[in-house]
Amino acid sequence: KELSSSQIRQMYLDFFQSKGHTIEPSASLVPKDDPSLLWINSGVATMKKYFSGQVVPGNPRLTSSQKSIRTNDIENVGRTARHHTLFEMLGNFSVGDYFKKEAITWAWELLTSPDWFGWDPEKLYMTVYPKDADAKMYWEKAGVAPDHIIPVEDNFWDIGEGPSGPDSEIFYDRGESFNNLAADDPENYPGGENERYLEVWNIVFSQFNHEPDGSYKPLPRKNIDTGMGLERVVSIFQNAKTNFETDLFLPLIEKTQALSDGKKYGADAEDDISFKVIADHARAITFAIGDGALPGNEGRGYVIRRLIRRAVVNGQKLGIQGAFLDQLVPIVGEIMQSYYPEVLQQKDYIAKIVRSEEDRFGETLTGGLDLLNGLIADLKKTGGKQIAGPDAFKLYDTYGFPVELTQEYAIDQGVTVDQDGFKAEMQKQKDRARNARGKQKAMGLQHDLLINVKTPSDYVGYTQLETHSELTE
Ligand code: ATP
Ligand code: MG
Ligand code: MG
Ligand code: MG
C-alpha cells in the first residue's frame, strides 16, 4: 500500500528517534533573533544557536521536519520537477556528538532497510567530495557498490568564515523515462543536471572552521547536519512524475481545475506550469502568513506580495474569474493538518489577508495586463527586445506588478525588462518619497490592510509589530 506524506514524514522522525534523537518541532518561518536571514530556509538554519555553542541542547542528537522557504527557487517552480518556494526539510543533527560513520551507516539503513524506506540500492547514488576518503569508505562498508559512489568537486559546504566541511549528496535514479539530457551531455550523471537523477538528501560533515585568514582548522567537536526534501521523497514513494502529483499538492490542483474555465491538468504544458505555480504559492503564502508575516513592500512582505500576485496572474492564464486564492487556504490547512494543525485553526485569518491582498491587486490587474500585453505587442512590431525602465516602473507603481513578475511574463513572450532603467526610476521615487512621506502614511497602509480582519487578539499585536518595520523601511 502506498504511504501518505504524513506517514513518510513520521517514518523519518521515528527512525532517528530510534537512534537516540529528540524530535524538534518545526520552527516558525520567520527567523528569531537572526537578522541575517529573511526566511528559515533549511533545518540547520534553526539550529545555529546549538552549532555556535550559544545554547547547549538537552540532547546533542536532534531531528526535525522543518518548513523552509527559498526565494532563490521561485522561478524554478513548475519548470523543474523538484523545486518549491515552501518545502519541508527532514533532517538529523549531531551537535558535537556522532560523526561520519554513524551519519552514513544510518542513512543507508533508513533508505534501504525493508523496515524503513526499503528502496532498491541499485537506484541510489552517493556523491562524495573527492578528497573525503572516509565518506567513501563508510558508504562502501554500508554496502554501496563502488560504481554508485561518485566524486564531485563541488561537494564542499562553505559559506565563508565559520564551520565548513565536505558533504555527500544522495540521488535517486528515477529511470530512463526521466532523462532530459543526451547520453553524451557532460551534465548527464548523478550530481549533474539530469532530472533523471533526483537529489533527495544532503549530508554535511562539518569538520573544519574556515578561519578569517582563509585557512581550514579542524573543529574540536565535529557536527552533522542533513537535509532531505520531503516532497521529493514523497514523489518517489507515490510514483509521481513530479512532486506535484502527490497527496501534498493534488487536492490544490484539483480545486484550481474546478475554478478554471474548463482547463485540465496534464493537457497542456504551459497550463500545467500555472497549476503548479498556484499550488506551490498557495502553500507558501498560507504558511508565511500563518507564521506572522504580512504582504508589504519590503523584505518578507514583498516576497508574500510577489507570490500572491504571481499566483493571481497564473490564475488569469487559466481563465479563473475573480479572486480565488483565499479558497485554497483551507485546502492547504487540511493537507497539512496532521503535522501543522495551527494552519487549519488560523485559516479564516489567513484567507482574509490573502483575499484583501488579492482584491487590492485585482483592481489594477486587468489594466496592468492590458498595458503589458500592449508593450510586448509594440516591441514585437518594431523588433524591439526590451521593455523600458519607465514602463516597467509604471507597471509596478500604478498597477502593482512586481518587476520580477513583469520580467517573467516578458521572458515567456521573448522579451526582457530594462532592470537598470527600472531601478533608476525606483530610486527617483524613493528620493521623492524620503522628502514627502512620513511614517503616518505607511501606518495608514498597514491599517488599511488589517482593517477588516478579525484575528485572535494577541496574534494581531504580534503581526502588526512584525511588519511595521518592513513597511516603513
Ligand atoms: P537542488 O540542487 O535540487 O536545487 P540543493 O542542493 O539546492 O537542491 P540543499 O541545499 O542541499 O538543496 O537542500 C537539502 C535538500 O532539500 C535537497 O537535497 C532537496 O531534497 C531539498 N530541497 C532543496 N531545495 C528545495 C526546493 N526549492 N524545493 C524542494 N526541496 C528542496
Ligand atoms: Mg538548489
Ligand atoms: Mg544540489
Ligand atoms: Mg544539495
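In the predicted model, Asp-184 is exposed, because 6 other C-beta atoms lie within 10 Å of its own, and a residue counts as exposed when that number is 12 or fewer. Asp-184 is found in the loop that runs between strand 7, which covers residues 162–173, and strand 8. The C-alpha atom of Asp-184 is separated by 27 Å from the C-alpha atom of Glu-75, a residue that stands 109 residues apart from Asp-184 along the chain.

In total, 16 residues surround ligand 1, and the closest of them are Asp-73, Phe-87, Asn-202, Gly-227 and Gly-229. The elements that contribute two or more residues to this shell are strand 3 (86–94), strand 8 (197–210), strand 9 (216–229) and helix 5 (230–237). When the residues of the shell around ligand 1 are divided by class, five are nonpolar, five are polar and six are charged.

Helix 5, one of the elements that give two or more residues to the shell around ligand 1, is also in contact with helix 1. The geometry of packed helices is described by the angle between their axes and the distance between the axes. For helix 1, which comprises residues 5–18, and helix 5, the axes come within 10 Å and cross at roughly 115°, and helix 1 passes helix 5 in a right-handed crossing. On the side of helix 1, the contact is made by Ser-5, Ile-8 and Arg-9, while helix 5 provides Leu-230, Val-233, Val-234 and Phe-237. By class, the residues in the contact of helix 1 with helix 5 are five nonpolar, one polar and one charged.

The protein as a whole has 16 helices and eleven strands. Its radius of gyration is 24 Å, close to the 23 Å that the globule rule gives for 473 residues, and the protein is therefore as compact as a globular protein of that length. Taken along the principal axes, the C-alpha atoms of the protein fill a box of roughly 65 × 50 × 50 Å. Of the 473 residues of the protein, 42% count as buried. Among the contacts in the protein between residues at least 6 apart in sequence, 68% join residues that are at least 24 apart.

Technical notes. Residues numbered from 1 in each chain as written. Chains lettered and ligands numbered in written order. Predicted model: local features only at pLDDT ≥ 70, side-chain atom pairs only at ≥ 80, totals over all residues. Near = placed C-beta within 6 Å. Helix = DSSP H or I, 4+ residues; strand = E, 2+ residues; numbered from the N terminus. Nonpolar A, V, L, I, M, F, W, Y, C, P; charged D, E, K, R; others polar. Axes fitted to C-alpha atoms, helices over the stretch in contact; angles between N-to-C directions. Left-handed = near helix turned anticlockwise from the far one by under 90°. Contact = placed C-beta atoms within 7 Å. Buried ≥ 20, exposed ≤ 12 C-beta atoms within 10 Å, placed from the backbone. Rg over C-alpha atoms; globule rule 2.2 N^0.38 Å.
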